[in-house]
Amino acid sequence: ESPIRKKMLQAFSESDGEFVSGQALADFLGCTRTAVWKHIEELRREGFELEAVRRKGYRILHAPDKVTENEIRYGLNTKNLGQTIYYQESIDSTQKKAHQLAYDNCPEGTLVIAEEQTSGRGRMTRSWHSPKYSGIWMSIILRPNLPPQQAPQFTLLAAVAVVQALEEVCGLNPEIKWPNDILINGKKVTGILTELQAESDKINSIIIGIGMNVNSKQEDFPEELQKIATSVAIEKGKIVSRSSIIQKILEKLELYYHLYMEKGFGPIKLLWEGYAISIGREIIARTITGTIEGKAIGITNDGVLKIEDSSGRIHEIYSADIEI
Ligand code: BT5
């Protein structure tokens, strides 16, 4: 995407729905009015609805609901997160691409996003169903100067950002199931996958993958997901703009990332606990080494789950699937 287009969307973004004159655009972009008009035409071809009024100029009436760089940039209110965007209509996995970009030293906050994933993945070797246009399939690269043990806290931090984005943009009240599931009415609407590139004592990159079902209908889910998955549209009863959810997630992530770097995990933990469903309940945790049953009594300051079994013994769980 050309830098001129980027600046043009920024100008519209700042005008907040008001007209921007052709001359003002030309001055701001440092190009001719004819060039401005050409860029406007290009935006139209991409599905932007633009109004042009003589002597007033142009304004954007409606941005199309795709998740291209333009859609995400228009109205995005962050300093770093999502300021560099890698978009592909179809991709194997945004997580995989993000790993490559991180390895090649892309800027912190780089967002990788696609309309569909052909081999989206969950934890371990599980797959993540990511059909075209109906969801948010994205990965964000962060580079906190921290030891690798603190990385799991970022799954919880991201979960808080996602829950608040869904509350504020969609008016929904999702809950978090430790460690990485966001549920609405007991069904999974979002999964989070946090991965690392690290040396023994230092994180190089954290890659946070977020998969959210947004406009899928119940019958769109494959058989095995019918009973366990839901989407924003199913819960809300109407179609929702993906780009506005993405923008809000990025804004919240940035906010909490800074809070975390300044104040540590404490404030994030408090927020997280307010949304958690598993705490205080009898649960079954399936880990790689075995199954533990008991009461989830809380998370530690590292984000590790504590379970008290019937003999009163307390187990610390680093990674598991939880059944409530
Ligand atoms: C997760 O794993 O929940 C993490 C999912 C992360 C996906 C994002 S999308 C962008 C980025 N790029 C990627 O390639 N991945 C990330 P886990 O807790 O292991 O849950 C996986 C399980 O969730 C599967 O075994 C299914 O049972 C279920 N599942 C698969 N697709 C789903 C969907 N679209 N909605 C709800 N549940 C799903």
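Predicted model: local features only at pLDDT ≥ 70, side-chain atom pairs only at ≥ 80, totals over all residues.
Around the ligand stand 26 residues, of which Ser 93, Gly 122, Gly 191, Gly 209 and Gly 211 come nearest. The elements that supply two or more residues to this shell are helix H5 (94–103) together with the strands E5 (135–142), E8 (187–198) and E9 (203–213).

**Ligand shell**
- Among the residues that come nearest to the ligand are Ser 93 and Gly 122, while helix H5, which spans residues 94–103, is one of the elements that give two or more residues to the shell.

**Domains and their contact**
- The protein chain is divided into three parts, with domain 1 covering residues 3–62, domain 2 covering 69–275 and domain 3 covering 282–323.
- Between the C-alpha centres of domain 1 and domain 2 there is a separation of 31 Å, and the contact between these two domains takes five residues from domain 1 and four residues from domain 2.
- On the side of domain 1 that touches domain 2, the residues are two nonpolar, two charged and one polar by class.

**Val 53**
- Val 53 lies in strand E1, which is made up of residues 49–53.
- Val 53 counts as exposed because 10 other C-beta atoms lie within 10 Å, where the cut-off for an exposed residue is 12 or fewer.
- Val 53 and Leu 172 are 119 residues apart along the chain, and their C-alpha atoms are separated by 38 Å.

How values were computed
Residues numbered from 1 in each chain as written. Near = placed C-beta within 6 Å. Helix = DSSP H or I, 4+ residues; strand = E, 2+ residues; numbered from the N terminus. Domains from an automatic or database assignment. Contact = placed C-beta atoms within 7 Å. Nonpolar A, V, L, I, M, F, W, Y, C, P; charged D, E, K, R; others polar. Buried ≥ 20, exposed ≤ 12 C-beta atoms within 10 Å, placed from the backbone.
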